[in-house]
Every structure is written in C-alpha cells, then in structure tokens.
Amino acid sequence: MKKVEKYGCYLLVLSVCTLFIQWTNKPLEPASEKYPVKIINERNLMEVGSYYYPEQWPESEWERDIKNMSELGFEFTHYGEFAWSTMEPEEGTYQFEWLDKAIALAEKYNLKVILCTPTPTPPAWLSYKHPEILIKNAEGRTIQHGARQQASWNSEVYRQYVEKIVTEMAKRYGNHQNVWGWQIDNEPSHYDSFDYSDNALIAFRQWLKNKYKTIEELNRVWGNAFWSQDYNHFDQILIPNAKELVQQPNPHAILDFKRFTGDAVAEFVVWQQELLKKHISPEQWVTTNLMADHSIVDPLRFKELDFVTYTKYLVYGSDMGYGDQGFRMGGSTALGLANDLFRPITGQTGVMELQPGQVNWGTYNPQTLPGAVRMWIYHVFAGGNKFVCNYRFRQPLSGGEQYHYGIMQTDGVSVSTSGKEYVQVAQEMKKLRKEYNPQADMPVQHAARKTAILYSVDTRWETENQPQSRDWNYFSHIHKYRKILQSYAVPVDVIDETHDFSGYPVLIAPAYQLLDKELIGRWKRYVEQGGHLVLTCRTGQKDRNAHLWNEKFAAPVYELAGVNELFFDVLPAGKYGVISSDKSNYAWHTWADIMTPVDGTDVWAVYSNQFYAGKAAVTHTRIGKGTVTYIGADTEDGKLESDMLRKVYAQAKADIEDLPEGVIMEWQHGFWIGLNYSSEEQTLPIPANARIIIGDRTLQPAGVVVWK
Ligand code: GAL
C-alpha cells in the first residue's frame, strides 16, 4: 500500500473512531435546565460502584484494592463521607494529599469518584471545643462524640465549620475531571432521633414565628384553649416532648415539630449544595443519600438537589419475606416502594447504598440467600435507577461494623460470595447495554395500567402521632397497596400533590387523612375526565392543620364516596370483624370506615357482623367519565383490597397480571425483568415469542430473568 493510501486509511479509521466515541458519550436527550448533566450516558443503563475508605486502610493496599475494584467490573467508587478527622486533623489544618492520591488511583483505573462532604462525623477537637454543637435527646442527655450524626443541623457554630470544610473540598475538587458528583453528608437523619437541644429550640421558635406571624394564630391552630395551653409569646414555647409531660403533648405542636425537623435537615443539605455550587463545575452533580423509609426525613423536601438517592438494606432480622427462606431475601416491596418514591422526586435517581450480603447491626444478621444480592441489584435496575453503589468494598477489620460483608473478604483479596453476585451483574450489564434500544416505548398494555400512589408525609406524621390503634401504620398501609399492584405487574409512581394526576389511568390515595377542599376538587376533576380514583380508610378526616372538620365527620369525602354518613371502628388484639362481597368473606382488624351510601352508589362490600352489619365497607361511584372507589377497611392479608382493586382495573379496561406473592415483573428501558422473592420455584408468564436475554422462564428463589 502506498504511503498516501495508508495515511488516508488511517485518517478514515481515526475519524470513524472519533465519531463513535462522540456518539457513545453524547447524552441522548438535551440536558434540561435543571440538570446541567445527565447522571450517566443513557446507553450505560445503570452503572455499578462500590464504597472505599482509603483513610481506613494502609496506603500500601490502596492501589491493589482500587485495581481489583476496577478489574471486577465496577465503574465508580465513593470516598470521604466519614473522613473529617483525616481531612482536618486539627482546626484549620487541612490535609488532602491522601485524597488527591486516592482520586488519582481511581482515575488511573477508570473509576469515577463520588466525593462526599464529611459532615456526619465532626472531629473530636470540634465537639470538645464547642460542645454546644451537640444534639440532645428527649431525656435531655447530650449526645457525645463517639459515633456519628451528633451535631445539630441548627447550630450556627457547627455550620461555620461545615462551611469551611465544604468550601475547601469544593475548591480543591470542584473541577477535577474524575470527580463525578457529590454526596452531601450521609443519611442525614440523626438516625431517627429528634434534636431537643437549644439550637433546635431557637430554630423551632423562629420557624413557628415565620409560619404563624402572631401568637394568636398559633394558639388558634394548635387549639391551645384546650387544657389552657395558650401562649403569650413565642419564647414560652418548648419543644413538645412526651418525656417531660405527664400526658400526651399537644398533637398540633408535635406535627409542627416534625415538619420543622423535616425542613431543618433539608435546608441543611440544600445549604451545603449551595456552598458546593459556588465552586464546582456544572458537570458535577450534587445529591444526598436518604434512608428509604425512615420517618424523620421527608425525601420530598429535597427537591432542590440535582436528584435524591436512597440507601437500602433488606436482610437484618426484621422483614421475614415470603415462605421459609424469605428472611434471607426480605420483602418484595422494600426496594419497589423506594424506587417508586425516589424516582419521581426530580425525575432521576440512583441507589447510593445497597446491602452487600451479611450485615452486623440488625436484630438478627443471617446470611443472605445465594442470589439475593444479585436479585436486589436487578430490582434497582427495574426501578429505573441510574446507578447502584455497593456498601462497601472491603469488610472492615476494626471499628463499629466488623462482621459487615464487603465485596472482598477479610483478607482484602478474596471476593466474597455476595461480592461475586455484584461482579456477575457488572458483566451482565455489558450484555444488556448491547441490547439496549433507546427508542423502545413502554408496551401499550402496560402503560394502560400505570398507577400513581399519592403520598402525604403530613398524614404519615399525624397518624404516627395519633394512630387510634396500636396496629395502625401508614407506611405499612402503603406497602400493602404497593404489594397488590406488584402482583398485577402494574407500573407505579409514588407522587405528591405537586404532580399532575392526569397521566395516570388509576390514582390511589391511601389513608389521605389531611387535605383541603381544593384537593377534593382536583380529585373530582381527575375523575370527571376519566380517571379512576381509589380512596382508602381515614381519608379526608382532617384539614391541613389536622383539625377535624366543623361538619359531619369526614364530610369532604362524602360526595366522592357516594355516602352521607361515615364513622370508624378499630378492634383490639385478637378481635376480627367480617366483611362480605359477592361470595367472599374477609377478616379485618386494624381499621374500618363504616359508611351509609346514598342512592345511586354501588356497594361493593358490606360489614357482615358487629352492630353495624349491613353498612357499606367499600363503595363505588361514577362521576363524569371516571370512577371513585372508597375502600373503607384495612385488612391484614390485603385480600379485600386486592379483590376490590381488581374490579377497579376492570373498570379502567386495563389488563393486569396475577403474579404469585413475591414475584415481580417490571418493564424498564425496553426490557422486561422478572424476579422471585418467594421461597418456591416460579414460572413467569413470559410470552412464547419472547427472547430471553438473562436467566430462564422458570425462576428459583432469588432468581432473575430478563427478556424482550
Ligand atoms: C448505612 C450507613 C453506612 C453504613 C451502613 C452499614 O445505613 O449509611 O454508613 O453504616 O449502613 O450497613
């Protein structure tokens, strides 16, 4: 070949390669204003990473570990959220050379880095110099240095130190090409303790002043004439604390204190985002990692972040799952509900921590079932997460989490059994990427059953405070509905009221206790235009201030439910009521709204014992082009709710599946994903002409199948 031809060929190959590289790196859709960058190139579907703590290991082992991480197929790592004392060993003395090295090693081995602000773990010198930054528990005891999350988000002094360390980090790494994005703090939540310190008290009073403006208005909303609780001015108000009172605190004060705490933590995190964004490149994103289902923190208050991620552990002796081996896999709605709650917050999400196998901190810490970790990762994928990060790469040899599995065993070089499951998925993800068709639309039949669950944190907090029955639990009530929807293979978004309802053929508002008439109007319009609304027990009993209405009990829901009277009953332990519908009977125990229907209302189920036998338990009305179904009872096994919902989907002319307990079928990115959380072998209803890409039609417990 002549020299010139050779050169031409070379140029051609070079430009094709360049084009290809540009094409694969190009975001497929234009980035919206809110997201200067997409989290990942969509073609990568979901990226897989692992936590590493350089400060916890001899420097001589870092390169070996990072290289291993990369060779095992991980694509990013995660540094720094607990390293404040290494970054600033003494006040004002910053040491980042170690982190520079660790980031450079990650870069050398093609691992992007998520960098964290170390604010959950202020160093000892800070707590010693400024003990006023520490939180107090309900007994008034100061929480000492020695674990984590002991500093008050409301402490101005703590914030001065936070500002300094965060700014130092932002300046140093905000334009580093290998820093992918930032995690603020770690599970900011005080691990479900409320803060009763003076910092919190001062901030709470200010929050109340901002909200109520006058003490008279606060007295009115809190109903303070009751038990002579009227205040003369805001400075008399204390944090409501059952430990300091002989009877229950004012429920409106409690609700406001929970709202205040939810606002305070979100404000602390968003404030850190602002500190970062003064210095970091617009290519780097900012998030935080919230525990998926803890009550103190409301993920929906974090909308100002680029996106919100969650952390999840499933096997620690609490959730027994399904069947004999269920305790080794956990329940099937744990990840499902977290996916559906976090994804709609800003439209994209990731999982920052996922259990790597056996852990150390549960009531019981059994081994996970072989395959369970892999199944969870596929569940995360099925929920549309852009990345999943394993907690953690190496099993710690010292400190508070010995016995906590990592990808590597205690020797640091042997891959653990569950680590192998991560490695397997990292490989399989490559196969899926090749099969990815960005143009694939959700199958029509699947879209027709799309359902939203309307979530209200105010209702959650209020009913936790005033449950009326020891067995009532708002979040379990939601899980129950989510589980039924899972058995129908219905795609779900868990949304709040800021979302438009009209894109969902079915909208379920479980136990929506606190509302206003504007929401009732929105629901009615949704139904008139053809939506199928499902309301469940406890809905509409109170206004937004958690006052009962100065009308008949729960009057605002009467028109939608087609009733003219409603009262409720709850039964003590061991007592069950009976409900009948068609030829079936159902037992209930936790909650029953007992309704008197008006003419024209269909009664789908009635109470068949107790003194109100014959009254309606489930009503169904048609309004305009749509329907409302009011399911008044909460049953333990969910059978009543399931049978009623089946009828709702029939009304909506939406086909649904009938999957066994623990079996999941979700559609994501053009793939169908089947998972088996049950303890038995299951065969999925996969169409004969489907092409199976991973797994098999028949699933063993913890099995996974992916098809097109
Ligand atoms: C998480 C926490 C991590 C680690 C992990 C252990 O809740 O965010 O830092 O403690 O638990 O399972």
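A residue is taken to be near a molecule or strand if one of its heavy atoms lies within 4 Å of it. By this criterion the ligand is surrounded by F82, R148, N186, E187, Y191, Y313, E353, W361, Y391, E401 and H404. The structure is a predicted model, in which local features need pLDDT of at least 70 and side-chain atom pairs count only at pLDDT 80 or more, whereas totals for chains, interfaces and linings use all residues. Residues are numbered from 1 along each chain as its sequence is written, and side-chain values use heavy atoms, with hydrogens and water left out.

The shell around the ligand consists of five nonpolar, two polar and four charged residues; here Ala, Val, Leu, Ile, Met, Phe, Trp, Tyr, Cys and Pro count as nonpolar, Asp, Glu, Lys and Arg as charged, and the others, Gly among them, as polar. Polar contacts were assigned to pairs of N or O atoms within 3.5 Å. For R148, a side-chain N or O atom is 2.8 Å from an oxygen atom of the ligand. The corresponding distance for the side chain of N186 is 2.9 Å, and a polar side-chain atom of H404 lies 2.6 Å from a ligand oxygen. The ligand taken alone exposes 310 Å², of which the protein buries 95%; accessible areas come from the Shrake-Rupley method with a 1.4 Å probe.

Helices (H or I, at least four residues) and strands (E, at least two) are DSSP runs, numbered from the N terminus, and two strands pair if DSSP finds at least two bridges between them. Eight strands close into a barrel in the order β1-β2-β3-β4-β5-β6-β7-β8, with parallel pairing. The twist averages 30° from one strand to the next, where axes are lines fitted to C-alpha atoms, for helices over the stretch in contact, and angles run from 0 to 180 degrees between N-to-C directions. Contact means heavy atoms within 4.5 Å. Helix α11 (residues 372–382) lies across β6 (309–312), β7 (351–354) and β8 (387–390), at about 165° to β7.

A cis peptide bond, with omega of about 20°, joins Y391 and R392, and R392 lies in the loop between β8 and α12 (417–435). Y403 is placed in the loop between β8 and α12 and has a positive phi of about 70° although it is not a glycine.

An open sheet is formed by four strands in the order β21-β22-β26-β24, with antiparallel pairing. Its edge strands, β21 (663–668) and β24 (692–694), each pair on one side only. Neighbouring strands of this sheet are turned by 25° against each other on average, direction ignored. Six bridges join β21 to β22 (residues 671–676), and E666 stands opposite I673 in β22. Helix α11 lies across β21, β22, β24 and β26 (704–707), running at about 145° to β22.

Strands β14 (residues 577–581) and β15 (residues 584–588) run antiparallel and are joined by five bridges, with Y586 in β15 as the bridge partner of I579. They form a hairpin with two residues between them, and D582 in the turn has a positive phi of about 50°.

Key: Polar contact = N/O pair within 3.5 Å; in protein donor to acceptor, adjacent residues only side chain to side chain.
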